[in-house]
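Visitor: I have a model on screen and would like to learn to read it. Could you walk me through the features one at a time?

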Amino acid sequence: MHEQVRCHDAKELFDALLPDLSDEGAAQRYVYRGLGNADYSLLPSALRSLDVLDIESVIGEEIDVFSDFVRALNRSGYSIPGYERLDQVQQELRRLESAYFPRDLGRWPRPEHLDIWAIGQHHGLPTRLLDWSFSPLVAMYFAAASAVRQESKVEDMAVWRLDRTALDDDSHV
């Protein structure tokens, strides 16, 4: 269930979201995502080009792309805090491909690799991650910046507000 609040100008948007900044409970309760076009769905980059969502194909492609990314990080000497040797991650990925895929789809992506996925997303790697912020101002900035970069005129931007307390215990933000 969601509620749509339409704002016709920046003042209305600020008025709708800024009370969250002064409410200490809201700072922990809500996360925000800004989109440069209100017609965009909350679909991560790795899934946007798919006509049909075939999870086995998605995971197979993700493992390939992620393995290539980790190999490139390793070759370039890029270091990631908590990972002394990225070649260990590569070995684990090879084991994962042979041992778990496609039998145990629930183990992908591995939670211990989320920081590498986040770095990859920052560098343009298509992922299932969506960027959220605890600040409505950050979400407003990204919505406006994205709208300005678009070639065609945007009628409406969007700022999504997700109530983290509404998620069940098995979900993660």
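Predicted model: local features only at pLDDT ≥ 70, side-chain atom pairs only at ≥ 80, totals over all residues.

Visitor: Where does S133 lie?

Guide: Elements first. Helices (H or I, at least four residues) and strands (E, at least two) are DSSP runs, numbered from the N terminus. S133 sits in the loop between α6 (114–122) and α7 (136–149).

Visitor: Which residues is S133 in contact with, leaving aside its neighbours within four places in sequence?

Guide: Contact means heavy atoms within 4.5 Å. With neighbours within four places set aside, S133 touches V31, Y32 and V138. There is also a polar contact (a pair of N or O atoms within 3.5 Å; within protein, one must be able to donate a hydrogen and the other to accept it, and residues adjacent in sequence count only if both atoms are side-chain atoms). Here, a polar side-chain atom of S133 lies 2.9 Å from the backbone nitrogen of S135.

Visitor: Now the whole protein. How many helices and strands does it have?

Guide: The count is 7 helices and 2 strands. Their order along the sequence is α-α-α-β-α-α-α-α-β. Of the 173 residues, 32% are buried. Take contacts between residues at least 6 apart in sequence: 69% of them join residues at least 24 apart.

Visitor: How many salt bridges are there?

Guide: A salt bridge is a side-chain nitrogen of Lys or Arg within 4 Å of a carboxyl oxygen of Asp or Glu. The whole structure holds 4. One of them pairs D163 with R29, with closest N and O atoms 2.6 Å apart. This pair links distant parts of the chain: D163 is in strand β2 (residues 158–163) and R29 in helix α3 (residues 24–29), 134 residues apart. D163 counts as buried at 17% relative accessibility, while R29 is partly exposed at 35%.

Visitor: Which side chain meets R128 in a salt bridge?

Guide: That of E62, at 2.7 Å from N to O. R128 lies in the loop between α6 and α7 and E62 in helix α4 (residues 55–76), so the pair ties together parts 66 residues apart in sequence. E62 is buried, at 6%; R128 is partly exposed, at 28%.

Visitor: What separates D68 and R71 in helix α4?

Guide: About one helical turn, because they are 3 residues apart in helix α4. D68 and R71 form a salt bridge with closest N and O atoms 2.4 Å apart. D68 is partly exposed at 44%, and R71 is partly exposed at 32%.

Visitor: And the surface: which residues form a nonpolar patch?

Guide: Patches are made of residues with over 30% relative accessible area and no salt bridge: like charges are joined within 9 Å, nonpolar side chains (Val, Leu, Ile, Met, Phe, Trp, Tyr) within 5 Å. Here F14, L21 and L137 form one, with about 250 Å² of accessible area together. Areas come from the Shrake-Rupley method with a 1.4 Å probe; for residues, only the protein chains shown count as cover. L21 belongs to helix α2 (residues 19–22) and is partly exposed at 43%.

Methods. Residues numbered from 1 in each chain as written. Heavy atoms only, no water. Buried < 20%, exposed > 50% of the residue type's maximum accessible area, 1.4 Å probe, protein only.
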